[in-house]
Amino acid sequence: MSLKVRIIPCLDVKEGRVVKGVNFVRLRDAGDPVEAAMRYDADGADELCFLDIAASLEHRNTMLDLVSRTADVCFMPLTVGGGVRNSRDVEALLRAGADKVSLNSAAVADSSRVEEAAKRFGSQCVVVAIDAKSVSAGRWEIFTHGGKRATGIDALDFAREVHNRGAGEILLTSMDSDGTKSGFDLELTRAVSEAVSIPVVASGGVGNLDHLVEGITIGKASAVLAASIFHFGEHTICEAKHHMAQAGIPVRIT
Amino acid sequence: MRTVIVDYNSGNLHSAEKSARRMAAEAGAGDVILASEADIIAEADRIILPGVGAFADCRASLAAKGLDEAICHAVENRGIPFLGICVGMQLTAGFGLEHGCTKGFGWIPGKVVPIERFGNLKIPHMGWNSLRLIGTHPLFEGLGEGADVYFVHSYHLLPSQSGDCIAETDYGLPVTAAVASGNVAGTQFHPEKSQQAGLRILDNFFKWKPG
């Protein structure tokens, strides 16, 4: 009897279709997001994450429609991120059926947007997605625009800042690990998890089920997010949960 | 028969609406509508009050549109079944302490207080946690002991009458998961986000005939 560690499959979406970026550059098309969401729902995923990786203005309604159609059929928490600029975008996504909305570049550009969204909609639905890259031993910096743009902002300072501004959760992606299948950046994950008292979701680099375990036991994350190992059928959510349970981690077995 | 989900611009009503509609159809409990008009709410046969955000803000939004009086009329004078979800559940309390001290509906005597942080456990309490049922309430009929449901909150309701707490969950310390008294019930967790266990609870709500 305790809070379960969450396993969150993430679907990278572009123009209404699922893709998975390898280091955010090469993409492969892998189907209909709603169908994938239903599969994950049936398989006992604890949450689902949609990331709009192109987030172009002309496809904004495509994303809203996708969120709405997913919320029609999946009765589990749904986080949506990518290109969220302000409270109006947050509201549109919540109205469409998202439970949490993640802010990334907009939060880096102006962290008061986190505060504004948290005040208006509650901290429980405001996630800040932090993309961090190692710059020297024990130091990570925030990168935006899919890892292309350096900001010079210290990742731990920024995590504390958005926590103080009312973020309810941090989605932490290591830009060094993402797409490598070599596991989370555990040192980064642990440093951020210990820097804030809100939940941290570890992301970037999962290549096998042991990586998920390490994210919790060593990285001290509250939840783990992965894309390709689930999406290309290498492992099921159910298999991942049994693997974590064997390692002594509390999970929800459905 | 008409169930009204109270729409007062408090977050995502989409999944509450979809899941309630589905379970109402299965239970043969008539239609489910979203409404933000006081007269429609006052005449409802069942009310679901969702709510996200802060206690004081939710209470103020309800009051601004006179919806609080409509809800009170239906619940207190007509005795219809009421289900509060998350902050909607917290609003059944005597008062809440989030963003100042604010009066609730007072159906469940007690107060809404911050979850006490235990050790290095994270706040908000976010994710799936098991229910420990206290007594037997029709809302939980057919639900196995220890069923996991989805929580996301930083405050919880501490009833002053222990009999009003019908389920707890463990987050280092006990956290109130559900309350009930007479025709009023509330869940701190989100049944509309809790997959099969949550759908079962909604189904039970539609079949519930209090008193």
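**View 1. Buried residues of helix α4 in chain B, in a predicted model**. Helix α4 of chain B spans residues 67–77. Its buried residues are L67(B), D68(B), A70(B), I71(B), C72(B), A74(B) and V75(B). Buried means under 20% relative accessible area, exposed means over 50%, and partly exposed is in between, with a 1.4 Å probe and protein chains only. The cover over these buried residues includes β1 (2–6), α2 (38–42), β3 (46–49), α3 (55–64), β4 (82–85) and β14 (184–187) of chain B. Helices (H or I, at least four residues) and strands (E, at least two) are DSSP runs, numbered from the N terminus. After α4(B) comes G79(B), with a positive phi near 65°.

The model is predicted: local features need pLDDT of at least 70, side-chain atom pairs count only at pLDDT 80 or more, and totals for chains, interfaces and linings use all residues. Residues are numbered from 1 along each chain as its sequence is written, chains are lettered from A and ligands numbered from 1 in the order in which they are written, and side-chain values use heavy atoms, with hydrogens and water left out.

**View 2. Helices α1 and α6 of chain B**. Two packed helices are described by the angle between their axes and the distance between the axes. Here α1 (residues 14–27) and α6 (residues 195–207) pack at about 55°, with axes 9 Å apart. That angle makes α1(B) oblique to α6(B). Angles under 35 degrees count as roughly parallel, over 145 as roughly antiparallel, 65 to 115 as roughly perpendicular, and the rest as oblique. Axes are lines fitted to C-alpha atoms, for helices over the stretch in contact, and angles run from 0 to 180 degrees between N-to-C directions. The crossing is right-handed. From α1(B), the contact uses S19(B), A20(B), R22(B), M23(B), A24(B) and A27(B). From α6(B), L199(B), L202(B), D203(B), F206(B) and K207(B) take part. Contact means heavy atoms within 4.5 Å. By class, the residues of this contact are seven nonpolar, one polar and three charged. Ala, Val, Leu, Ile, Met, Phe, Trp, Tyr, Cys and Pro count as nonpolar, Asp, Glu, Lys and Arg as charged, and the others, Gly among them, as polar.

**View 3. Helices α8 and α10 of chain A**. Helix α8 (residues 209–217) packs on helix α10 (residues 237–246) at an angle of about 55°, and the axes are 9 Å apart. α8(A) is therefore oblique to α10(A). Their crossing is right-handed. α8(A) brings L209(A), D210(A), L212(A), V213(A) and I216(A) to the contact. α10(A) brings E239(A), A240(A), H243(A) and M244(A). Six of the contact residues are nonpolar, one is polar and two are charged.

View 4. Neighbours within four places in sequence aside, L212(A) contacts F184(A), V206(A), V224(A), A226(A), I229(A), F230(A), A240(A) and M244(A).

**View 5. I7 in strand β1 of chain A**. I7(A) is buried, at 0% relative accessible area. Beyond its neighbours within four places in sequence, I7(A) is in contact with residues including A45(A), V224(A), F230(A), I237(A), A240(A) and M244(A).

**View 6. Backbone at E15(A), K220(A) and P124(B)**. Most residues other than glycine have a negative phi, and most peptide bonds are trans. E15(A) is not a glycine, yet its phi is positive, about 50°. E15(A) sits in the loop between β1 (6–14) and β2 (17–22) of chain A. It is partly exposed, with 45% relative accessible area. K220(A), also other than glycine, has a positive phi near 65°. Its loop lies between α8 and β12 (223–226) of chain A. K220(A) is partly exposed too, at 38%. In chain B, the peptide bond from I123(B) to P124(B) is cis, with omega near 5°. P124(B) lies in the loop between β7 (108–114) and β8 (125–130).

Notes
A crossing is left-handed if the near helix is turned anticlockwise from the far one by less than a right angle, and right-handed if clockwise.
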